Structure formats: C-alpha cells, structure tokens
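Here are some exercises to work through with the structure open beside you. Try each task before you read its solution.

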Amino acid sequence: MLKYGFGGKILRINLSEKEYKIEKFSSSWIKPLIGGRTANTKILYDELDFECNPLGEENILIFGIGPLTGSILPASAYFTVTAKSPLTGILGDSAAGGSFGPEMKQTGFDQIIITGKAKELLYLLIKDNEVEFHPSSNLASKTIIETTSYIRQKHKDYAIQVAAIGSAGEHQVFYSAIVSSGNRVNGRTGMGAVMGSKNLKAIAVRGSSPVEYANPVILKQESEKIQTAIMKHNEYTKRYNLGTTMLMNDLNSIGILPTNHFQEGVCKYIDEISGEKLASTYKVKNKSCFNCNLHCSRYYICDNKEAEGPEFETLCSFTSKIGSSNLPFALEMNLWLNQMGLDSISTSEVIAWIMECQERGLVQPEELEGLELKWGDTEKVREIVKKITFREGIGDKLANGARNLSLDFSEEAQKLVLHVKGLDVINGDPRGIKAYGLTYAIASRGGDHLRAEPFFELTNRKEEAKRRFGTEKAADRLSEEGKAALVVYSEKIALLTDSMTMCKNIGLCMDILNFENVSNLLNACSGLNYTPDYLQRIMKESIDLQQKLNEKFGITREDDTLPERFISETLKQGPTMGSTVNIEKMVDEYYKLHNWKS
Ligand code: SF4
C-alpha cells in the first residue's frame, strides 16, 4: 500500500461518454517508474493502439506528475504530457513547469489519462475526487489567458490552475502547444493538437489533498542541499539575470547560433538580439515556477504589451534563425505563440525552410499560393504565423510541419528540412556541440536536446570528464570521443529529472542531480528504498522501453541520424568553422553501450 509521496491514484476520463473512473496503483507498479515521463510512457506502451490516427479518438493523452512534484524540493514543478504525436507519428511528449503540476498533485491524482472525443468543445474541472465536464463553445478562439481567466472567474476560485489550448490547438496545427500559468508551454510534438482533436479546450485543477512524506526532516535537509547548490553555482547570477536567453551570446561566441536557418553560426547583429539587450531594455522583473530559487524567468514590457519570457528557443527562432535583428518583433511573437499555443521551434522551422528554399530557387512563390518569404521580413512572418494559427489559406499546409510540407517539393528541398524523425531540431548547431548532435539523433521523440541535455561538454571540466567518461575529450565540445558515454549517462539523469518532475536547467545544465542525491530524495519522499544502482537499472529499463515503443511505430536504427547539412557541410566562419558531425560513429558507440542491435 502506498502511503507516502504519491497520491496513489490514476484518473481515467472518457470524453466520448463524459465518464470517469478512479484507479489505485500499487507501490510495485510505480516504484520502477517513479512517475512523470516514465510512467506516462509505460501507460502509452501498454494501452495505445500503435496504428491509431494521432488526431483520432483512439489516441491516449496522458498528464503525469511524480512523487516530488510541488514538494519542498526546489524546481520540482514540472508535469509531462504524452500521446502519439501528430507531427512525427511516434512517441510524443512535452514537459512544462509553472504551477499546474503542483496543483494537480493536490488533487491526489498522479496520472490523468484522457481517451475518446467530446461531442462539443468542453473543459474539465478536476477538484479533488470530482470531475466536472463543462461545455465551452463560448471559449472557441479564446486565447489561453482569456480561457484561464474565464474558468477562474466562473468558479470564483483564483487558485485554479489551467492547462489550455489556443486557436492553434483548436485547428489541430500539428505542432500546437498546451500552455499553463500564462506562459509555461508543453510545446514539442503537438500535444495541443491532440487536445484539440478531442474537443478539449482546457483542463483545470484544484485540490486540497494533503501529501504525506516518509521522512519530512530528511526531505527538508536534502532539499536544502539542492537549494544551496543552486545558490552557490558559478552560473547562478547569469542564469538569474538572463535565464536561457544567456545562450544567445554563449552560442554565438562559439559559432553555433543558428543564423539564416543554420547556414551560419555567427550572427553579426547579436548585440541587438542578445539576452543582455533584452534584459537591459525590456525586462522589468524576474519570475519563477512554483518553489524555484533560481527565478530564471523574466517579465517584460515592450510596445505597451507585457508578457513573460521569451526563452532562448523562441528568441533565437524569431531573430537570427529567420535573419531578423528585430527584437521587439521576437517579443511580439513570443506573446502570440504563448496565447495561441504554438511551438516556436517547429513554427520557425517552416518559415526558415521556406526562406532558404526560396533563396536557392527550390520553392517558387506560385507553388505556395504566392507566398514569398525573405530573410528578416517580419511583416510577412507575422502574417504567415497568423495564417498557420488558424489554418487559413496556405497556412493550412504549413500547419502540417516542415517535413510534411517539403514532401510536395524536390529531394534537394526535402533535405533542407532540419529534423530528426519528423521533429524539427532545436536551436544549437550540432557541428560545434557533438554530444548534443548525438542526442538529437537518438532522442526518442525526435530532434531534441532534452532527452540528455549533455551540457557537460561545454564546461571544459577535463579531469571530471576523465573520471566520469574515461576521456578528457568528453568535455571538449568539438570532439566525438567519449560523447556516447556522456549521452548514456546524461539521458539517465534526464529521465530521472523528468520522472521526479524537476527542471532540467537545474538537474542537468547546472549538473546538480546525481544517482546518490536522487535516491536520498526519493527515499525521504516515498520510503520505497531506492538505491543509486537500482535507479541506474530502472532508468536503463525505461530507455529500453522507449526504444521498443518507437520500434512499434516503425522507427529503426537508420532513423537515428542527423540532417545531411550537419554531416557533410561545414560552417564557413567562426570558432566552429570546418567542423561536421561523424554521427554514424557516435550512434554505433551509443548502441554498443546500450547493448542494442544496430
Ligand atoms: S530554473 Fe527557471 S524554468 Fe526551471 S524551475 Fe526555475 S524558474 Fe522554472
């Protein structure tokens, strides 16, 4: 019987029948999963019809939290949403911080599993053990903030937390997002479209169930150690001041800031679009997710509009990646994307791909209903992002994602889409960060860094690299040596972080979590007798399960690779000039370390 840390219950909601049931789970089921992403993946593996249409009622949408969500542990505010992805057709999931996860914890449900499709647009209100189905045709086309305010006002409860979709999700844009706490985005792999396909505008949670911990004194002590490690970290001040936007200058200084769709890695107008420029010109205060002492998020006012963010990915997506030095435009896009619910990386990939293809003469305007996009043409970008949001005109095709769009064009044009397994790669050029390149290639949800976040390769900690990964080269960003070992280690810590539902800025980028301190935290929380060795074993089992899951979707070793550009084209200037990624060698080593067949 589960007594500590977990609510111990799964809520199953059938939208077609407007019914729900509550299931209890055992400690033997949850112990090897911990929670969050691992538990969601297991449910998907066990219950999904793999052949299903991701936007059909058979797809399963799972919201998951973990034993430490919303606890005294700093930055433990995350929740993961999982389903078959409409963008990639394989495992889809995305995590976000804010306050939704901690409030969900108070309902007593560790997982919410949604099946079926509502006959009309509705939102769910989950209050402790009660679930209410509220018809909400009046919320159609409402922004995420409007939806959140409406639900809070209607129920006269301003502590309700809401995870909602905007117009992009309602129109099932394949890369639409779910947004909570105003700007906390489950952005990747189109989880907003899955919600839209089920006619589910929002999930609102409010709970009052107390959570008991096995050893609250030890949990407090261990959490304080993490808190101190954050405060004493050598990057604390920089991360506090700039958040992830510090990466604009950091990546530019090593020649890997995506510029004009990864054709260049050094941006000439960096000073106009950097995190420092944003902070000094528009930032008005810091903000944070629930119980985080880093406060890395920033609130800004620009052109009489106020909003939170943007994170690095959005800032880069709507500046250098599309050839724009217009910082206020990027801030405007940040607000639009967060209110309409769109993933910034995939949205900008569609735009930047068209820009490059048109520059090279591979795609003609008349083939895109007259659309002509040139680097830095923010007026046109604004127009086209709106069309994508509502699937208007040519926006309807663009809303299916860059890879799908490219299928109407030549092989040469198709090769220019920068994706892995259908998911557009994040904004960091892998030619100058080889472990990241390997991570994009092997990530079970497609071209993404968060499956391992091997930030260690940027730290230059040579002795530590030798001790942990057998070679100093693991801390050399341009080397491929030791990177498979680094990624195999980091992906376990990344999965642990997602299972406990902590923030990866802290868990991995700041290198604060390890198997020892996580087992101490989990034991104090749950009393389930975790050990570092056991954690390593169950993380490996969960990574194997993701692999098996993607095999069911038809993914093979050949899909674990990078776009041609990163393998065979060099950057022509800057500190990463001349470098390409020998991805096959690294993937082979990675498979060997996992004992997987190539
Ligand atoms: S570090 Fe930033 S993103 Fe992470 S939990 Fe703290 S405020 Fe949220």
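Before we start, a definition: helix axes are lines fitted to C-alpha atoms over the stretch in contact, and the angles between N-to-C directions run from 0 to 180 degrees. Keep in mind that this is a predicted model.

**Exercise 1. Find the angle and the axis distance at which helix 2 and helix 21 pack, then name the residues that meet.**

Solution. Step one: locate helix 2 at residues 36-47 and helix 21 at residues 483-500. Step two: read off an angle of about 90° and axes 5 Å apart. Step three: angles of 65 to 115 degrees count as roughly perpendicular, and therefore helix 2 and helix 21 are roughly perpendicular to each other. Step four: look at the residues, where G36, R37 and T38 of helix 2 meet L495, D498, S499 and M500 of helix 21. Sorted by class, the residues of this contact are two nonpolar, three polar and two charged.

**Exercise 2. Describe how helix 19 packs with helix 26: what are the angle and the axis distance?**

Solution. Begin with helix 19 (residues 434-442) and helix 26 (residues 583-594), whose axes are 10 Å apart at an angle of about 70°. That makes helix 19 roughly perpendicular to helix 26. The crossing of helix 19 and helix 26 is right-handed. Next, list the contact: helix 19 brings K434, G437, L438, A441 and I442, while helix 26 brings I583, M586, V587 and Y590. Finally, divide the residues of this contact by class, which gives seven nonpolar, one polar and one charged.

**Exercise 3. Trace the open sheet that has the strand order 2-1-6-3-4-5.**

Solution. A reminder first: strands of a sheet pair through backbone hydrogen bonds, either parallel or antiparallel. Here six strands form the sheet, and the pairing is mixed. Strand 2 (19-24) and strand 5 (91-96) are the edge strands, each pairing on one side only. From one strand to the next, the twist averages 15°.

Now follow two of the pairings. Strand 1 (residues 9-14) runs antiparallel to strand 2, with six bridges joining them, and K9 stands opposite K24 of strand 2. These two strands form a hairpin with four residues between them, and K18 in the turn has a positive phi of about 50°. Strand 3 (residues 61-64) and strand 6 (residues 109-115) are also antiparallel, joined by four bridges; here G64 stands opposite Q111 of strand 6.

**Exercise 4. How many residues surround the ligand, and how do they divide by class?**

Solution. Count first: 13 residues surround the ligand, the closest being A75, C289, C292, C296 and C503. Then sort the shell, which has eight nonpolar, five polar and no charged residues.

Methods. Residues numbered from 1 in each chain as written. Predicted model: local features only at pLDDT ≥ 70, side-chain atom pairs only at ≥ 80, totals over all residues. Near = placed C-beta within 6 Å. Nonpolar A, V, L, I, M, F, W, Y, C, P; charged D, E, K, R; others polar. Parallel < 35°, antiparallel > 145°, perpendicular 65-115°, else oblique. Left-handed = near helix turned anticlockwise from the far one by under 90°. Contact = placed C-beta atoms within 7 Å. Pairing = 2+ DSSP bridges.
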